[in-house]
Amino acid sequence: MKLERVKVLIVDDHAIVREGLKAVLQIDPRLEVVGEASNGKQAIQMARSLKPDVVLMDLIMPVMDGIEATRLIAAQCPLSKLLVLSSYPEKDLVERAVASGATGYLLKHSASGEVLRAIHQVHKGAAFFSASVARMLSDGLGGTGGLQKGSTGTQLTPRQNEVLRLIAEGNCNKEIAKNLEISIKTVEKHRQELMTRLNIHTIAGLTRYALAKGYVSSERPKTEYELAQQSLPVAPPAPSVRATKSRRAAA
C-alpha cells in the first residue's frame, strides 16, 4: 500500500535554510517536500499549483513578506495549513501571523523533532507554537481580560472544559472521543457548541483562548502521534535549522 505523505511547501529567501529544512523533513517518510519558494509572491503561485498540505513560511522576505503571503494563501488555498518558521519572536509579528491565518509559529532555533511534530499537528488541524511563543500569547491574552479559567460571558460546562483542553493539547476528534469515552459525533457537537458560545470559529482560535485562560500549559502532554514516535527506530540525530545553516556557512 502506497504511503500517503503530507505535502510540504518550504518558503524562505535563503537557499541554505531551505536545504537544511529539506534535510530535516527527509527524516520522516510521511513527509514530502513538493516545492520551494524564495519569497511570498512565489509562494502564492506555488501554493495554487501544488496544493500543499502544509506551507512552512518564513516572514521577512523580499518582494512580498510572509504575513501578506500567509493571508492570501489562507484565503485562496483554504485546505493548506500555514506554519510560520521565523527567527523573530516579537509579539506583534506572532499576532499578525496568526490573524493572517497561520495555525502555528515556530522559532528557527527549534530542534528538528519539534519542526516535524509541528507539521503533523497543524496538518491534523491543531495549533502548534514554540513554548516561548505559547507563553507569550498566554501572558498577553491572559493579562488583558483579568478572567479566570472558564470565565466567559456564558459559563462552559465541565464537559466543554474537558473538550477545550484536549483540543488545545492537539488531540483530534478520534483521540478526544477515546480519552473521554464518548462518540466522535458527540465530540463534534461539543466542539461546535464551544465555537458558538465563545464566538471563536477556528481550532487555532480555540487553542489561543485555552492558553490564555490557563486550560493548558505551554508544555503540552504528548499526543498519540508523539507517543508513537517513541516506538519508531531511532534515526541519527538531525541538526537544528540554525546549526545546519551555521555549518554550511562555515564551509
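Strand 1 and strand 2 (residues 31–37) pair in the parallel sense, over six bridges. Pairing here requires that DSSP finds at least two bridges between the strands. Helices (H or I, at least four residues) and strands (E, at least two) are DSSP runs, numbered from the N terminus. This is a predicted model: local features need pLDDT of at least 70, side-chain atom pairs count only at pLDDT 80 or more, and totals for chains, interfaces and linings use all residues. Residues are numbered from 1 along each chain as its sequence is written, and side-chain values use heavy atoms, without hydrogens and water.

Within the pairing of these strands, Lys-7 stands opposite Glu-32 in strand 2. From strand 1 the chain runs through helix 1 (residues 15–25) to strand 2, a right-handed β-α-β crossover. Right-handed means that, with the strands pointing away from the viewer, the path from the first strand over the helix to the second runs clockwise.

Strand 1 also pairs with strand 3 (residues 54–57), in the parallel sense over four bridges. Here Val-8 stands opposite Val-54. Strand 1 (residues 6–11) is mostly covered, with five of its six residues buried. Buried means under 20% relative accessible area, exposed over 50%, partly exposed in between (1.4 Å probe, protein chains only).

Now the helices. In helix 1, Val-17, Arg-18, Gly-20, Leu-21, Val-24 and Leu-25 are buried. They line one face of the helix, because they fall within an arc of 160° seen down its axis. The arc is that of the directions from the helix axis to the C-beta atoms.

Helix 4 (residues 91–100) buries Leu-93, Val-94, Ala-97, Val-98 and Ser-100. Their arc around the axis is only 160°, so they sit on the same side of helix 4. Just after helix 4, Gly-101 takes a positive phi of about 125°.
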